[in-house]
Amino acid sequence: MQTLAPARNLPMRIGDSWLQSAGEYVKVTNPSSGDALARVPLSTRDEIDRAIAAAHKAFRSWRDVPVVERARQLFPFTQLLEKNREELARLVCEENGKTLADARAEVRRGIEMVEFACGMPSLLMGDSLENIARDIDSQTIRQPLGVCVGITPFNFPAMVPLWMYPIAIAAGNTFVLKPSQLTPLTAVRIGELFAECGFPDGVFNLVHGEREAVEALVCHPDTRAISFVGSSAVAKSVQAMAIAHRKRVQALGGAKNFLVVMPDGVNESTVSGIMSSAFGGAGERCLAGSVVIAVGEAGERLVPLLDTACKRMTLGSATDEKTGMGPVISAQAKARIERYIDEGIKSGAKLVHDGRAADAPKGEGTFLGPTVFDHVDPKASIAREEIFGPVLSIVRAPDLDSSIELANASEYGNAASIFTQSGGAARKFSSRIETGMVGVNIGVAAPMAFFPFGGVKESMYGDARVHGKDGVMFYTQQKVTISRW
Ligand code: NAD
């Protein structure tokens, strides 16, 4: 198994080459051990301008390559991703801290995004109508936009970039990716695999950095569309900046996801669904179930089952196959999550299981066990704010209507789930809940390549969601031709 050598200086991809930056470098840390994995540069303004210029130049000819040929070039990419699947999953584990099982699932979802983009000839088809008026025909075509930009978060280093550039590039655009500075290794490695597939120079570029790099990419006159995934505050500011510079933008933000458990929904499969939703990826998922609303007497039976499941959860290094939950991303993240646990206690909620007391590996790893609070006041910060860590709040509600009302009061609207045996309850919930994604007896209403993904309210700034047909729509513009011969 090959992984990048420790403390390697990560390169940027500009035009035809992988290059070292002249900018400052910062350490990328393995959260399981505290060891340095690599050093990532903060690309300079000049380097970012050069990446955009390379993409801009490549667009002139890439847009004219027939879509069948553009899509065909993605076939070897899927094969290379398959071949290197395990190496990629290990890289995700090392830099992000999620378990191997979670990382393998992430890489699989990412490969599906490329498979979806391979169908671009069908996806790009427009509409036509003969004789829309006497002797007049009309048709729509979809055309690429130009240079598209992807800005991605730390928590899905393989999958989130693949939500973006395979679709954008197959649709005829060129791309500049800026992965998270906390987890850039996987994006670089996947970029290396992409570069092996023979795409023309400048079609795919990769730069690094934080706020300044993002501003340079969003505000540059030659970038046309911005795809952002990260926290709501940054999503909001990126959307505003993009609109001010007349860019197309989709900015996916944070979340607070509610899981409603009906009295007829308390069973083993529900407990396992809640556990993986709340504690998978150490709760660092935008689809993490963060609040369980236990309806009627569901709570009395559910809480002890969750407590038992938490006691069985093993903390450990992400790359160890036996690990049930890995570390959170950083010491700052751990301190923030612990502050929320303190706030939960102060709010008067009952601390059922305290993750701070969990048996964690010794050393510099940033481990925190699963925490469960019961009888949480819906107004408490742990029930309202995005914690982005392994903390689950249980709120009690008398019936389905009040649980929907509670969930809909959230400022976020990414995903929500219901656990029930009643088709009527599931139908009412799915219809009335104000979220972009809905799970029925599924804890994580996961993004699947062939469907669009995104939330509502503070969870998404913009209109077109990522991947699926929305992704194709986002990366293309329509033209309508009306003709008389
Ligand atoms: P983040 O907002 O800190 O960073 C996201 C990206 O923005 C990174 O590339 C980062 O370098 C850049 N960035 C950070 N601060 C910036 C600033 N002030 N100006 C411009 N750019 C900036 O998010 P994160 O901590 O990497 O990821 C976790 C967040 O992402 C959570 O809120 C989570 O819910 C959200 N997320 C949402 C989805 C979704 O689909 N809605 C998916 C994954 C993660």
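Biologist: How many nonpolar, polar and charged residues are in the lining of the second largest pocket?
Modeller: This is a predicted model, where local features need pLDDT of at least 70, side-chain atom pairs count only at pLDDT 80 or more, and totals for chains, interfaces and linings use all residues. Residues are numbered from 1 along each chain as its sequence is written, and side-chain values use heavy atoms, without hydrogens and water. Ala, Val, Leu, Ile, Met, Phe, Trp, Tyr, Cys and Pro count as nonpolar, Asp, Glu, Lys and Arg as charged, and the others, Gly among them, as polar. The lining has seven nonpolar, two polar and five charged residues.

Biologist: Which helix gives the most to the lining of the second largest pocket?
Modeller: On a 1 Å grid over the protein atoms alone, a pocket is an open set of points with protein on both sides within 12 Å along at least five of seven lines; a cavity is a set where a 1.4 Å probe fits but cannot get out; lining residues have an atom within 4 Å of a point. The pocket is lined by 14 residues, with Ala105 and Arg285 among those nearest its centre. Helices are DSSP runs (H or I, at least four residues), as are strands (E, at least two), numbered from the N terminus. Four lining residues come from the top contributor, helix 5 (residues 100-117).

Biologist: What is the volume of the largest cavity?
Modeller: Two cavities of 30 Å³ or more are counted. Gly283, Arg285, Ala288, Ser290 and Phe388 lie nearest the centre of the largest cavity. A volume is the space filled by probe spheres set on the points, which are joined across faces, edges and corners. For the largest cavity that is about 100 Å³.

Biologist: Which elements give two or more residues to the lining of the second largest cavity?
Modeller: The second largest cavity has a volume of about 40 Å³. Its lining includes Lys256, Tyr412 and Glu434. The elements are helix 15 (400-408), strand 18 (412-413) and strand 19 (415-419).

Biologist: Is helix 7 roughly parallel or oblique to helix 8?
Modeller: Axes are lines fitted to C-alpha atoms, for helices over the stretch in contact, and angles run from 0 to 180 degrees between N-to-C directions. Under 35 degrees counts as roughly parallel, over 145 as roughly antiparallel, 65 to 115 as roughly perpendicular, and the rest as oblique. Helix 7 (residues 159-170) and helix 8 (residues 185-195) pack at about 20 degrees, axes 12 Å apart. So helix 7 and helix 8 are roughly parallel.
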